[in-house]
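Please read the following account with the model open beside you. The text moves from one residue or element to the next.

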Amino acid sequence: MQICKTIMQVVILYAIYLIGNGIQQVLHLSIPGSVIGMILLFILLSANVIKVAWIKEGAGFFVRNLTFFFIPATVGILDYAHLFAGKGSLLIVIVLVSTVLVIAGSGLVGQWFVKRRGIDHD
């Protein structure tokens with residue numbers, strides 16, 4: 001029964017993703033449909049149209065298996081190996097530095113939210 005519940009929650013999340021893609025295509029926006037779907041999900045959660053309990057296990061499934069979603073992107077990089085010839089080392093440095101900046105920024109924002117809510121995990 002838990003599997004059916006998780007599958008239904010994944011279907012809800014996938015439907016929101018598809019709606020985001022649909023909005024992007026209909027309005028010819030330069031923002032990716034997946035980002036529009038995330039914004040839509042945030043709005044629906046904030047407005048209590050969708051309850052967290054309705055998607056909690058499905059979202060947890062995605063988070064637990066997140067590394068599997070990067071495998072196609074990583075393998076896809078092999079198709080563009082010619083881009084790494086010549087100035088490829090510079091591209092690798094840029095990717096690594098930007099990744100560190102994103103991780104640090106996310107950590108700082110997370111800490112800011114924790115302090116703002118007065119939550120102490122120490």
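This is a predicted model: local features need pLDDT of at least 70, side-chain atom pairs count only at pLDDT 80 or more; totals for chains, interfaces and linings use all residues.

Ile19 is found in helix α1, and although Ile19 and Val49 are 30 residues apart in sequence, their C-alpha atoms are 16 Å apart in space.

Ile19 also belongs to a nonpolar surface patch of about 1,000 Å², whose other members include Ile23, Val26, Leu27, Leu29, Ile31 and Val35, together with Met38, Ile39, Phe42 and Ile43. Two helices, α1 (residues 2–27) and α2 (residues 33–46), each supply at least two residues of this patch, and it is α2 that gives the most, with 5 residues. Ile39, which is one of the patch members, lies in helix α2; with a relative accessibility of 45%, Ile39 counts as partly exposed, because that value lies between the limits of 20% and 50%.

The loop between α1 and α2 deserves a separate look. His28 has its place in this loop, and His28 has a positive phi of about 50° although it is not a glycine. Most residues other than glycine have a negative phi, which is the background against which such a value is noted. His28 is also exposed, because its relative accessible area is 71% and the limit for that class is over 50%. Ser30 lies in the loop between α1 and α2 as well, and Ser30 is likewise classed as exposed, with a relative accessible area of 76%. From Ser30 to Phe42 there are 12 residues along the chain, and the C-alpha atoms of the two are separated by 20 Å.

Further along, the loop between α2 and α3 contains Asn48, where a positive phi of about 60° is found although the residue is not a glycine. Ile55 lies in the loop between α2 and α3 too, and Ile55 is buried, because its relative accessible area of 6% is under the 20% limit. The C-alpha atoms of Ile55 and Val10 are 7.3 Å apart in space, while the two residues are 45 residues apart in sequence.

What links distant parts of the chain through a pair of side chains? The structure holds 1 salt bridge, in which the side chains of Lys5 and Glu57 meet at 3.9 Å, N to O. Lys5 sits in helix α1 and Glu57 in helix α3, and the partners are 52 residues apart, so that the pair links distant parts of the chain. Both partners fall in the intermediate class of accessibility: Lys5 counts as partly exposed at 39% relative accessibility, and Glu57 counts as partly exposed at 25%.

Helix α1 is also the place of Ile7, which counts as partly exposed at 48% relative accessibility. Ile7 and His82 are 75 residues apart in sequence, and their C-alpha atoms are 40 Å apart in space.

The empty space of the model can be considered next. Rolling a probe the size of a water molecule over the atoms shows where empty space is left. The largest pocket holds about 600 Å³ of space, and of the 18 residues that line this pocket, the closest to its centre are Leu13, Tyr17, Met38, Leu41 and Phe62. The lining draws on several helices, since α1, α2, α3 (residues 56–64) and α4 (residues 66–77) each supply at least two of its residues. Met38, one of the residues closest to the centre of the largest pocket, is named among the members of the nonpolar patch as well.

The structure holds 3 aromatic pairs, and one of them is formed by Trp112 and Phe113, whose rings lie 5.0 Å apart from centre to centre with 65° between the planes. This pair is edge-to-face, because the angle of 65° is over the limit of 60 degrees that defines that arrangement. Trp112 counts as partly exposed at 49% relative accessibility, and Phe113 is partly exposed as well, with a relative accessible area of 40%.

Technical notes: Residues are numbered from 1 along each chain as its sequence is written. Side-chain values use heavy atoms; hydrogens and water are left out. Patches are made of residues with over 30% relative accessible area and no salt bridge: like charges are joined within 9 Å, nonpolar side chains (Val, Leu, Ile, Met, Phe, Trp, Tyr) within 5 Å. Accessible areas come from the Shrake-Rupley method with a 1.4 Å probe; for residues, only the protein chains shown count as cover. A salt bridge is a side-chain nitrogen of Lys or Arg within 4 Å of a carboxyl oxygen of Asp or Glu. Helices (H or I, at least four residues) and strands (E, at least two) are DSSP runs, numbered from the N terminus. Buried means under 20% relative accessible area, exposed over 50%, partly exposed in between (1.4 Å probe, protein chains only). Rings of Phe, Tyr and Trp (its six-membered ring) pair if their centres lie within 6.5 Å; planes under 30 degrees apart count as stacked, over 60 as edge-to-face and the rest as tilted. On a 1 Å grid over the protein atoms alone, a cavity is a set of points where a 1.4 Å probe fits but cannot get out, and a pocket is an open set with protein on both sides within 12 Å along at least five of seven lines; lining residues have an atom within 4 Å of a point. Grid points are joined across faces, edges and corners, and a volume is the space filled by probe spheres set on the points.
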